Amino acid sequence: MSLKIKKGSTAHSAYNLRANYGDEIETHTLAVLVDNEAGVLARVIGLFSGRGYNIESLTVAEVDHKGHLSRITIVTRGTPQVIEQIKAQLGRIVPVHEVHDLTVEGPVVERELALIKVSGTGDKRVEALRLADIFRAHVVDSTLDSFVFQITGTSDKVDAFADLMRPLGLTELARTGVAALSRGK
Amino acid sequence: MTRQMIGAKMIVQALKDQGVDTVFGYPGGAVLPIYDEIFQQNDIRHILVRHEQGAVHAAEGYARSTGKPGVVLVTSGPGATNAVTGLTDALLDSIPLVVLTGQVPTFMIGSDAFQEADTIGITRPCTKHNWLVKDTADLAATIHEAFHVATSGRPGPVLIDVPKDVQFASAKYTEKKQVNTGHYQPRVKGDMEQITKLVEAMEKAERPVFYTGGGVINSGPAASQLLRELVHATGFPITSTLMGLGSYPASGDKWLGMLGMHGLYEANLAMHDCDLMINIGARFDDRITGRLDAFSPKSKKAHVDIDPSSINKVIHVDIPIIGDVGHVLEDILKVWKARGRKTNSEGLAKWWVKIEEWRKVKCLSYTQSGTTIKPQYALERLEALTKHRKDRFICTEVGQHQMWAAQYLGFEDPNHWMTSGGLGTMGYGMPASVGVQIAHPDALVINVAGEASWLMNMQEMGTAIQYRLPVKQFILNNERLGMVRQWQQLLHGERYSHSWSDALPDFVKLAEAFGAKGILCSDPKDLDDAIMEMLNYDGPVIFDCLVEKHENCFPMIPSGKAHNEMLLGDASTEGAIGASGAVLV
């Protein structure tokens, strides 16, 4: 018995047809409170890589020593449907206590710290120092031909400062990623 | 009373305190202390499998057929890695399992020791949760917590990795009641506002349909009972996924049959044309929805699920209800009754007229002629000769035979149908039948298999013989990987790349070599007698049923198509699947 299957194409693929959500890509900052136990960060990161979600920035540290709780701050991007899925999937992880979407929960303070090494002499060195002053970056290390600046602020501010330092001799950059808290009580 | 004991003894004690009566396992260097403790007691029965994958599938069969968590004990390294397929299978089908693995001593972890593997790392994405116990003092509490996690909320497999020195060291035993199960308390009660919204929609609906899934079965027998009551009271039609078969009886008059890729015509068209879809414990799997933009375009959708991440994952729903199926069904019934038991009887009557028209298509009809057994016929005869048995449990492997079993066998009760739905694991059914028979020694346990799947875990016949388990291996032998062959025929220009089973064993001789009974049947005339011979034999049987080699499984919704574009039989398959459909699985 032989079947003649015509080679044709349908107009659609099943997988690129999502239900009617907005397609706008949004950036959200999530705060995830977790038990501070071995492997908990691997669970969170594994979730993002396994399901194909983005991580723009991730910071983690213990915030409650007695309660063994760590706070993970994740900046992620996706459509509203993907963001909702990320939150629900994070909520399924057993050591996860709370998932907060700071972006929708109200005004939020977001800060990042960066250390920036700028090497150079003469005018460039002076200009770097002058710009650092404008950005309220501190000099935390200095040699005769280099500075290490410490800057805190929003990611945009850190970006802007780093961009200005590049032509002035930026050689190394270390960023912590975003830490965030909601404003008010 | 505080009790001091070594870790290995603690494990056995904790299992006893959790009510465990059976452990499926395989010993090895890193679990010898635990096996030593098992040897010295009689409360827990250890079933020695032949391969760790078999242990996990057997535990799945045990769990599915009893509603209790299945327990597995395997050694480190290869013992743990062999269990990975079973863990993933249980994760996708939400089967509660507690798997204990041995590990090299804590001071050797990370040294690439003999039979060392990063079991926690490997099993992190294929368990609901896992633990490495580094201190004997934490061991008992971890086991108690593991049972809590495996069985609460959406059930799933958990794993506890126990280094050998932790098994030898001594500490205080933590009683079950002393354990703080912590913050992990998934919500079971649904939101009453949403439930009321659903009831309002049910009162008005002209074309409602219940679409139920494995969640009903996982919620327990009471949930199935409530579902039956609700269907009976409202008179709404009901269909179910592969995983949910048995929660509503196949003999019930509101039953439309299974839906999905190989579901029944009436079930899929009811899903497509309904105006109210009530999803209870199912997850809009891609085998169910087909093309998403054409999935049930005219309906309002309600979704009852205990897992918030299932809501709006693939299909946007109008009425989300997060909670346990049993609890939510109870509230739906309560609210619906309190509001006067209303339905739109005029609309419903018209809806049923339409459904009856679809039923008349008789989408499962086929022609049995000549001297070759059609696989559908084999299953119809198996059904006819066994359906009177209330204690009949059916397991399957994965492929065409699995879909035919779902179509042609009728399931009257929950927990009587064991199949690998989400992961589609060939080799699941043989060990699962062992697990079911262990849990139900006097029941009729049949594994409907294909010859290719069956060979994947056939070593477990040894287990069946050792424990005198009269499992019936009903193999529909088409000497092909039937479903692969079907897709190659429909999608890949009839180029049958590696989809035949060459060099097959003589299954009768194989049965005899194991010490079981072998039956060969190739003529439709002999089929009934051969099946009776299988049923009447008190012991394990391998039934080699030689069937039509090129039979295709219909109805079929080709991938990338909508419910109302289903194929009913060979005549209509021309041009069935487009190029974009061919990239889908």
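**Close-up 1. A:Ala114 faces A:Arg175 across a pair of strands in this predicted model.** A:Ala114 stands opposite A:Arg175, a residue of β8(A). Five bridges join β5(A) to β8 (residues 170–175) of chain A, and the two strands run antiparallel. Strands here count as paired if DSSP finds at least two bridges between them; strands themselves are DSSP runs (E, at least two residues), and helices are runs of H or I of at least four residues, both numbered from the N terminus. Strands of a sheet pair through backbone hydrogen bonds, either parallel or antiparallel.

**Close-up 2. Strand β5 of chain A also meets β7 and β9.** Eight bridges link β5(A) with β7 (residues 146–153) of chain A in an antiparallel arrangement. Look for A:Glu112, which stands opposite A:Gly153 in β7(A). Strand β5, covering residues 108–119 of chain A, is joined by four bridges to β9 (residues 179–182) of chain A, again running antiparallel. There, A:Arg111 has A:Ala179 as its bridge partner in β9(A).

**Close-up 3. Four strands of chain A form an open sheet.** Follow the order β2-β3-β1-β4, with antiparallel pairing. At the edges are β2 (57–64) and β4 (96–101) of chain A, each pairing on one side only. From one strand to the next, the twist averages 20 degrees; such angles run from 0 to 180 degrees between N-to-C directions, with axes as lines fitted to C-alpha atoms, for helices over the stretch in contact. Five bridges join β1 (residues 26–35) of chain A to β4(A), and A:Val32 has A:Val99 as its bridge partner in β4(A). Helix α2 (residues 80–92) of chain A lies across β1, β3 (69–78) and β4 of chain A, running at about 160 degrees to β4(A).

**Close-up 4. B:Glu206 sits in a loop of chain B.** This loop lies between α9 (192–204) and β9 (208–212) of chain B. B:Glu206 is partly exposed because it has 15 C-beta neighbours inside 10 Å (20 or more would be buried, 12 or fewer exposed, with C-beta atoms placed from the backbone). Leaving aside neighbours within four places in sequence, B:Glu206 is in contact (C-beta atoms within 7 Å) with B:Asp275, B:Asn344, B:Gly347 and B:Trp351. The C-alpha atoms of B:Glu206 and B:Thr343 are separated by 8.6 Å, though the residues are 137 apart along the chain.

**Reading the views.** Residues are numbered from 1 along each chain as its sequence is written, while chains are lettered from A and ligands numbered from 1 in the order in which they are written. This is a predicted model, in which local features need pLDDT of at least 70 and side-chain atom pairs count only at pLDDT 80 or more, whereas totals for chains, interfaces and linings use all residues.

Terms used: Contact = placed C-beta atoms within 7 Å.
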